[in-house]
Amino acid sequence: MTTTPLAVVLVSGGLDSMISAASAREAGYRLLALSIDYNQRHRVELAAARRVANMLGAERHIVLPLDLSAFGGSALTDDIAVPKDGVGTEDGGGIPVTYVPARNTIFLSLALGWAEAAGARDLFIGVNALDYSGYPDCRPEFIHAFEGLAEIATKAGVEGHPFKIHAPLQHMTKADIVREGTRLGLDMGISWSCYDPAPGSLHCGTCDSCRLRARGFQEAGIADPTVYAVRP
C-alpha cells in the first residue's frame with residue numbers, strides 16, 4: 001500500500017508562499033502548514049496564512065509564536081521606517097532594511113524540526129531569486145546549503161533519510177508566479193504581501209513588496225484582485 005507523503009510547507013500568507021504550498025498539493029503531498037508569528041509589523045498576514053492553509057486543505061496549521069522584535073534590526077521588527085520610494089530600494093547601497101536577520105534560516109530550521117517529528121522528508125518554501133528585494137536567504141545557494149545542513153544535523157539525515165528543500169518558485173519572475181497561481185486556480189486575492197499595512201487593513205501600494213506584487217499582475221496581464229490604499 002502506497003502512503004501519500006507529507007510535506008511541511010511554510011505559509012506566511014504571502015502570494016509566493018501560497019503558490020509554493022499549492023505546488024506541493026498538486027504534486028500529491030499532504031500538507032502540514034507552518035506560519036511564524038514573529039511580531040512582524042504586518043501581522044495581518046497571519047490571517048491570510050490561515051485562509052491559505054484552509055483553502056489548500058492542510059491537515060494541520062501551526063502558527064508558532066517567536067518574537068523576533070526582541071532582536072530588532074529590521075524595518076519589519078523594529079522602529080525603522082519601511083522604504084516607500086521604489087522597487088529595489090536599498091539601505092546605503094546594500095541589502096534593504098526590510099531584511100529580517102536570518103529569517104529564512106530560522107523558519108526553515110523550525111520547519112525541519114516539525115518535519116522530522118512528523119516523519120516528513122519534504123519542505124516547501126516560496127523563495128524567489130529573480131523578482132525579489134535582494135535578500136541573501138532567497139538565493140539558490142542558501143537553499144542548497146540548508147539542505148546539506150539538514151542531512152548532517154538530524155537523526156533522520158544521519159540514518160540515511162535525507163530531507164529535500166523544495167523552492168518551486170526559485171527561478172520564476174513575479175509575472176510567472178502570478179500566471180502559475182492562475183493555472184492552479186487559486187484565489188490570489190486572499191493572500192497578503194504589504195510590509196506596511198494602511199488603515200483599514202489595505203495594502204499600502206508603495207512599499208517594495210506591494211510594488212513587486214502589482215508589477216507581477218501587470219506584466220502577467222492578469223487582473224490584480226488586491227485592494228491598495230495607493231495604486232502602485
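Colleague: Leaving aside its neighbours within four places in sequence, which residues is S20 in contact with?

Modeller: This is a predicted model, where local features need pLDDT of at least 70, side-chain atom pairs count only at pLDDT 80 or more, and totals for chains, interfaces and linings use all residues. Residues are numbered from 1 along each chain as its sequence is written, and side-chain values use heavy atoms, with hydrogens and water left out. S20 sits in helix α1, and contact means heavy atoms within 4.5 Å. Beyond its sequence neighbours, S20 touches F124, I125, G126, P168 and L169.

Colleague: Is S20 buried or exposed?

Modeller: Buried means under 20% relative accessible area, exposed means over 50%, and partly exposed lies in between (1.4 Å probe, protein chains only). The relative accessible area of S20 is 1%, so S20 counts as buried.

Colleague: What is the strand order of the open sheet?

Modeller: Helices (H or I, at least four residues) and strands (E, at least two) are DSSP runs, numbered from the N terminus. Two strands pair if DSSP finds at least two bridges between them. The sheet has five strands with parallel pairing. The order is β3-β2-β1-β4-β5.

Colleague: Which are the edge strands?

Modeller: An edge strand here pairs on one side only. The twist of the sheet averages 25° from one strand to the next; axes are lines fitted to C-alpha atoms, for helices over the stretch in contact, and angles run from 0 to 180 degrees between N-to-C directions. The edge strands are β3 and β5 (164–166).

Colleague: Why is strand β2 largely enclosed by the rest of the structure?

Modeller: Strand β2 covers residues 30–37. β2 is joined to the parallel strand β1 (residues 6–10) by five bridges, and to the parallel strand β3 (residues 60–65) by six. β2 is largely enclosed because the number of its eight residues that are buried is seven.

Colleague: In β2, which residue is the bridge partner of L6?

Modeller: Two pairs tie β2 to residues of β1. A7 is partnered with L31. For L6, the partner is R30.

Colleague: What is the handedness of the crossover from β1 to β2?

Modeller: A crossover is right-handed if, with the strands pointing away from the viewer, the path from the first strand over the helix to the second runs clockwise. From β1 the chain passes through helix α1 (residues 15–26) to β2. The next unit, made of β2, helix α2 (residues 45–55) and β3, is right-handed. The β1 to β2 crossover is right-handed.

Colleague: Which elements do the buried residues of α2 pack against?

Modeller: In α2, the buried residues are E45, L46, A48, A49, V52 and A53. They fall within an arc of 150° seen down the helix axis, so they line one face; the arc is that of the directions from the axis to the C-beta atoms. They pack against α1, β2 and β3.

Colleague: How many salt bridges are there?

Modeller: A salt bridge is a side-chain nitrogen of Lys or Arg within 4 Å of a carboxyl oxygen of Asp or Glu. One network of them links E26, E180 and R183. By this rule the count is twelve.

Colleague: How many residues apart are K174 and D16?

Modeller: K174 and D16 form a salt bridge at 3.0 Å, N to O. K174 is in helix α6 (residues 174–183) and D16 is in helix α1, so the pair links distant parts of the chain. Both residues are buried.

Colleague: Is R43 buried or partly exposed?

Modeller: R43 makes a salt bridge with D37 at 2.5 Å, N to O. D37 is buried, at 15% relative accessible area. R43 has 40% relative accessibility, so R43 counts as partly exposed.

Colleague: What separates the C-alpha atoms of L66 and Y38?

Modeller: L66 lies in the loop between β3 and α3 (103–118). L66 is partly exposed, with a relative accessible area of 31%. Among its contacts are I36, D37 and Y38. L66 and Y38 are 28 residues apart along the chain, and their C-alpha atoms are separated by 4.8 Å.
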